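Good morning, and thank you for coming.

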Amino acid sequence: MASSGEEPGSGSPGRAGTGPEPAPAAEAAQLDAAEDFEVLEEEEEGEEEEEDLSELPPLEDVGRPPARPREDAQPAEQGRGEAAEEPQEWIDVLGSGLLKKKTLVQGQGVDTRPCKGQDVTVRLKATLEDGSVVEENPALTFTLGDCDVLQALDLCVQLLEMGETALIVADAKYCYGAQGRSPDIPPNAALTLEVELLAARDAPDLELLSGQEKIELANRKRERGNFFYQQADYVLAINSYDIALKVIGSSSKVDFSPAEEAELLDVKVKCLNNLAASQLKLDHYEAALKSCNLVLEHQPGNIKALFRKGKVLAQQGEYGEAIPILKAALKLEPSNKTIHAELSKLVKKHVDQKNVETEMYRKMLGNPSAASTPRKCKDKLPWSIPWKWLFGATAIALGGVALSVVIAARN
């Protein structure tokens, strides 16, 4: 493909900084199946409208009965600290019953709780409702409040005291949602998380990051956005892409090599392209158009940005502007069936739009007969002077002559 810009792909969201899982060979091609650039199979089957996302509702719309907390649950490793003498009650974190927290080992006090924006390190153990362990990490580090990890973890760690061990029971919507995580976490699976807060420190100063550090940080945020896109949670996807773009656009006191500058630009283009795709899903057309234009400022021949800009303009009814843009994209990649299908659809809509406008104007202006037109024109000829006007002008002229004669006689 003649453009840069990676599409949102699937990743492992429970681990901060991990990249997307390897895609099948068919998905490693120029068009990923995750985004708008992607509806190749559906359009070949004659589908003209946007793909049906009814099977992929945003996370906040996924309803599921809350998992019943296990009151007899015990920490997996008793040797890590003595249990509290007085067992704590379950805390309903959000008031919906879908996310609950229970202290197993007391911490060092409320004033030791971490703050948003800090980098925290936790010990994590995640299990399914049947007790199957699906994840263990002795030192998971992430930025609190950036949605780098499961929402259940991101929300509840803010309530942990330093050294505290807690049990968290979370509904699927705050974990892996309707998609699950292949192969170990099924769709709509609630999780029980055992978490111990080990450390919290301020995040590194972006101005002091080296080029490679900034690239790695921006990529982690972008990959997290890809995960949310796959989960059809486009709001959180946009949030992650925005954070990645802020990292890239932050000022720096460190000199970067030309290769690092080029790689940062490449990551920026990928984020902007994926941001536009997410904004399109939410019908935020002006924002998506701005994102596409920012890509095209750096890469005028970016096919994905051209394609999405054409789609945005089409959604706004600007078929006359959208068609040339899609033609430009098709010229760069003539064999792309997705662009062919979209362009054909827009040309038809444009013709229909022009026909409707023509009919509307005809009704507004009417359809005067051929006979009436010459008559109106003839009535306006310069020699078609009313006789009353001519008589009045003559009378005035004669009166003027008579007055002149009288004046001359008196003199």
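Two strands are said to pair if DSSP finds at least two bridges between them. Strands themselves (E, at least two residues) and helices (H or I, at least four) are DSSP runs, numbered from the N terminus. Before I apply these terms, a word on the origin of the model. This is a predicted model, in which local features need pLDDT of at least 70 and side-chain atom pairs count only at pLDDT 80 or more, while totals for chains, interfaces and linings use all residues. Residues are numbered from 1 along each chain as its sequence is written, and side-chain values use heavy atoms, with hydrogens and water left out.

I begin with the sheet. In what order do the strands of the open sheet stand? The order of the 6 strands is β1-β2-β5-β6-β3-β4, and the pairing is antiparallel. The edges are taken by β1 (91–92) and β4 (133–143); each has a single partner strand, so one side of each is left without a neighbour in the sheet.

Strand β3, residues 118–127, pairs with β4 in the antiparallel sense over 8 bridges. Within this pair, L124 has N137 of β4 as its bridge partner, and K125 has E136 of β4. The hairpin of β3 and β4 has 5 residues between the strands, and there G131 takes a positive phi near 95°.

On to strand β6, which covers residues 191–202. It runs antiparallel to β3, and 10 bridges join the two. V195 of β6 is the bridge partner of A166. As a general point, the side chains in a regular strand alternate between the two faces of the sheet.

Two details in the loops deserve a mark on your copy. In the loop between β5 and β6 we find P183, and a cis peptide bond joins S182 to P183, with omega about 5°. A232 lies in the loop between α3 (211–230) and α4; A232 is not a glycine, yet its phi is positive, at about 65°.

I turn to the helices. Axes are lines fitted to C-alpha atoms, for helices over the stretch in contact, and angles run from 0 to 180 degrees between N-to-C directions. Helix α4, residues 234–249, packs against α5 at an angle of about 155°, with the axes 9 Å apart. Why are α4 and α5 called roughly antiparallel? Angles over 145 degrees count as roughly antiparallel, under 35 as roughly parallel, 65 to 115 as roughly perpendicular and the rest as oblique; α4 and α5 are therefore roughly antiparallel to each other. Their crossing is left-handed, a term used if the near helix is turned anticlockwise from the far one by less than a right angle, with clockwise giving right-handed. Contact means heavy atoms within 4.5 Å, and the residues making it include Y234, A237 and Y241 of α4 and L264, V267 and C271 of α5. By class, the residues of the contact of α4 with α5 are 12 nonpolar, 3 polar and 3 charged. In this scheme Ala, Val, Leu, Ile, Met, Phe, Trp, Tyr, Cys and Pro count as nonpolar, Asp, Glu, Lys and Arg as charged, and the others, Gly among them, as polar.

Next, helix α5 (residues 258–281) packs with helix α6 (residues 285–298) at about 155°, their axes 8 Å apart. The two are therefore roughly antiparallel to each other, and the crossing of α5 and α6 is left-handed. Among the residues that meet are L265, V269 and L272 in α5 and Y285, A288 and C292 in α6. The contact of α5 with α6 divides into 12 nonpolar, 4 polar and 1 charged residues.

Finally, helix α7 (residues 303–315) and helix α8 (residues 319–332) have axes that come within 8 Å and cross at roughly 160°. α7 and α8 are therefore roughly antiparallel to each other, and their crossing is left-handed. The contact includes I303, L306 and F307 of α7 and Y319, A322 and I325 of α8. What does the record say about this part of the chain? Over residues 303–336 the chain is 79% helix and 0% strand, with the end C-alpha atoms 10 Å apart.
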